[in-house]
Amino acid sequence: MNPEATTPDDDNPFRNKHIRSFVKRRGHISRAQERAVEEGMPKWGLVYGKTPIAFEQVWGRSGAPNWLEIGFGMGETTATIAAAHPHVNYLGVEIYTAGVGSLLKKIEEQGLQNIRIISHDVVEVLADMIPDGSLDKVLLYFPDPWRKKKHHKRRLIQPEFVAKLALKMKPGGVLHCATDWENYAQHMLEVLENAPDWQNMNGTGYSPRPDDRPLTKFENRGLKLGHGVWDLLYSRRTA
C-alpha cells in the first residue's frame, strides 16, 4: 500500500496527482558546474521537504519582498534580476542540475547574497514549502511550450495551476510570464483571462516587456531574426 494514499491531506489542493511539465533527462553537465553544485548547494540551496519555508529566517531579515522564479534555466536572467534587486528574497526553482550549477557559479562570481535555490518539481515545492499568501512576485520566463498538440496538457500554465498559485500570492502579487512561442502565449492569455483570481495589468492582451526583465542573448538573437516575444503581467485580485 502507498502510505501517502492514507495521509489526510485533502485540504491541500496541490496534493492531487499532476501531469509534469518537464521530462527529467540526463543532460550534459560540466565539471565546473558539478563542483559548483557540490560546494554551493550547502550554502545557497534549500532541501525539498514538507516543512514550509520561513522566509525571514532563511534570508535573515524581515519585511523583504518574496519573489519566486520557476525554471531559471542557466541562471543568466536570474542573476541579473537578483543583483538589481538586492532587497528581494529571491527563490529559484530548477530541476536541471547543469542550470543549478551555472547559477551557483554566478552567485559566487558576482557575490550575490539574496538568492536561494531548490532543485525539485515546482508543483511539489508550492504544495509543501511555500506558505499561503507569502509571495509578492512569480516569474515564469520561456517555459517549455510543449509544441505538439498532444503534449499541450504538459504546459505548466493551466487553469488548475494558476488557481493554486493564487493561494500562495499576497493580494496584489504579480505573475509575470514570457514566451517566444506564439501558440503558448495565446494559451496562457486564454487561461489567465478566464482565471477569476487574476487581473490583467495591461487591461487586456499582452503587456510590453517591463524594464526589469532583462533581454537574454537568445532572445536578442531571436528578435534580430524577427521572432516574437510575448509578456503577460497579471496581479492577484485583492477582492
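Me: What makes Trp59 and Tyr90 contacts of Asn114?
Reply: Contact means heavy atoms within 4.5 Å. Leaving aside neighbours within four places in sequence, Asn114 meets this criterion with Trp59, Arg61, Ala82, His85, Pro86, Val88, Asn89 and Tyr90. This is a predicted model, in which local features need pLDDT of at least 70, side-chain atom pairs count only at pLDDT 80 or more, and totals for chains, interfaces and linings use all residues. Residues are numbered from 1 along each chain as its sequence is written, and side-chain values use heavy atoms, with hydrogens and water left out.

Me: Why is Asn114 called buried?
Reply: Buried means under 20% relative accessible area, exposed over 50%, and partly exposed in between (1.4 Å probe, protein chains only). Asn114 has 5% relative accessibility and therefore counts as buried. Its side chain also reaches the backbone oxygen of His85 at 3.1 Å.

Me: Why is Phe72 also called buried?
Reply: The relative accessibility of Phe72 is 6%, so the residue counts as buried. Beyond four places in sequence, Phe72 touches residues including Thr78, Gly92, Leu103 and Ile117.

Me: Why is helix H5 described as largely enclosed by the rest of the structure?
Reply: Helices (H or I, at least four residues) and strands (E, at least two) are DSSP runs, numbered from the N terminus. In H5 (residues 122–129), 7 of the 8 residues are buried, so the helix is largely enclosed. The cover over these buried residues includes strands E1, E2, E3 and E4 and helix H6.

Technical notes
Polar contact = N/O pair within 3.5 Å; in protein donor to acceptor, adjacent residues only side chain to side chain.
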